[in-house]
Amino acid sequence: MALKIIVMGTGPFAVPSFEALRRSEDTIIAVVTKPEPPVKSRKGPPPAPVRTWANEHSLPIFDPVSINEDAAVEQLQLWSPDLLVVCDYGHILKPAALESARLGGINLHGSLLPAYRGAAPVQRALLSGDPITGVSVIHMTPRLDGGPILAKATTEIQPGETSGELEERLSSLGVDLVVDSIETLRHWDGETAIGETQDATKVTRAPRLHKREAHIDWGWDRSKIDCHVRGMQPWPIAYTEIQLRQGKPPQRIAVLRVSPVEGDVAELQPGQVTGDQELIVCCGDGLLRLDEIRPAGKNQMSGEQWLRGHQLKRGSTFSAPIDS
């Protein structure tokens, strides 16, 4: 029996699964997404990926400020869906919204639950230096990412992989899990317990990233800095600062790729450069080469290219901002 489905999402993580549902025997009767932000310039921000996808396929869009407000819940009830499929939406559904669908809702989440519940599971796994991560599909409850697990899949985090690259892989990995979970619910009687209950003792949190977290602490060891640089991409981007001229503001430099190197660290403190032709910085446990950077107001370049215009003496110091 074909199901009437409402999909709820905003960001790119949702699009591969939603597209698979569009091509399935089931019917997407509405796409719920966040409202477009106010336009602050003539150009304005690009539409969110789910909105763009829905427009490309002429699917009806519903974008209330809150999906839990009475008017929004009433609209969901009028559509009388069989199932809600939620992914990368940005709102927690309260009981009234979940109960608008006969089979409730499922959510594709970018971690191996119960690890990394919250808004930034992919980024937090990278920042923590985890070797393995994955995706989970849960049958939703009002508790954030707390429902029983219907399906999960694991994958190794690749060397050099950024959060954006990992998220793209995980979004594809989740497609079959979403399809399989819908098949499970298609034949569910609505009463029998389904899925694997999450172990509350193993819950970890993945709060949304903030700009203030992006600065690099050169006292960290090299592997942690590497994880930090990769985990902060594509946003908010890891950075450091350096005072190039007395009396002038420090220059902010976004750091996009680093590599560990061997060399002489005698008398160097964390954050100080070696003075070599390559841009190499002392860290808590050795030396890191800044391979790709983006100075404020400039295009991306290699650390070596930047250094040609700024002949730094050995001991010149990168640092975090004072107010960080």
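Mentor: Before we start, helices here are DSSP runs of H or I with at least four residues, strands are runs of E with at least two, and both are numbered from the N terminus. Keep in mind that this is a predicted model.

Trainee: Got it. Which helices and strands each supply at least two residues of the lining of the largest pocket?

Mentor: That pocket has a volume of about 1500 Å³. Among the 47 residues lining the pocket, D88, Y89, G90, A119 and R208 are the closest to its centre. As for the elements that each give at least two lining residues, they are α2 (49-56), β5 (105-109), α5 (121-127) and α6 (163-186).

Trainee: What about the second largest pocket: how many charged residues does its lining have?

Mentor: This one has a volume of about 200 Å³. Its lining includes W235, P236, I237 and Y239, along with K211, R252 and R294, and both β9 (251-261) and β11 (286-295) supply at least two residues. Split by class, you get eight nonpolar and no polar residues, and the charged count is three.

Trainee: Back to α6. Is α1 parallel, perpendicular or oblique to α6?

Mentor: Helix α1 covers residues 15-22 and packs on α6 at an angle of about 40°, with the axes 8 Å apart. Under 35 degrees would count as roughly parallel, and 65 to 115 as roughly perpendicular. The angle between them therefore makes α1, relative to α6, oblique.

Trainee: And is the crossing of α1 and α6 left-handed or right-handed?

Mentor: On the α1 side, the contact is made by P16, S17, A20 and L21, and on the α6 side by S171, G174, V175, V178, V179 and I182. Those residues divide into seven nonpolar, three polar and no charged. As for the way α1 passes α6, the crossing is right-handed.

Trainee: Last one: what volume does the largest cavity have?

Mentor: There's one cavity of 30 Å³ or more in the structure. Around the largest cavity sit V273, T274, G275, D276, E278, L279, I280, L307 and L312, which split into five nonpolar, two polar and two charged. The volume of the largest cavity is about 40 Å³.

Conventions
Residues numbered from 1 in each chain as written. Predicted model: local features only at pLDDT ≥ 70, side-chain atom pairs only at ≥ 80, totals over all residues. Heavy atoms only, no water. 1 Å grid on protein atoms, 1.4 Å probe; cavity = no way out; pocket = protein on both sides within 12 Å on 5 of 7 lines; lining within 4 Å. Points joined across faces, edges and corners; volume = space filled by probe spheres on them. Nonpolar A, V, L, I, M, F, W, Y, C, P; charged D, E, K, R; others polar. Axes fitted to C-alpha atoms, helices over the stretch in contact; angles between N-to-C directions. Parallel < 35°, antiparallel > 145°, perpendicular 65-115°, else oblique. Left-handed = near helix turned anticlockwise from the far one by under 90°. Contact = heavy atoms within 4.5 Å.
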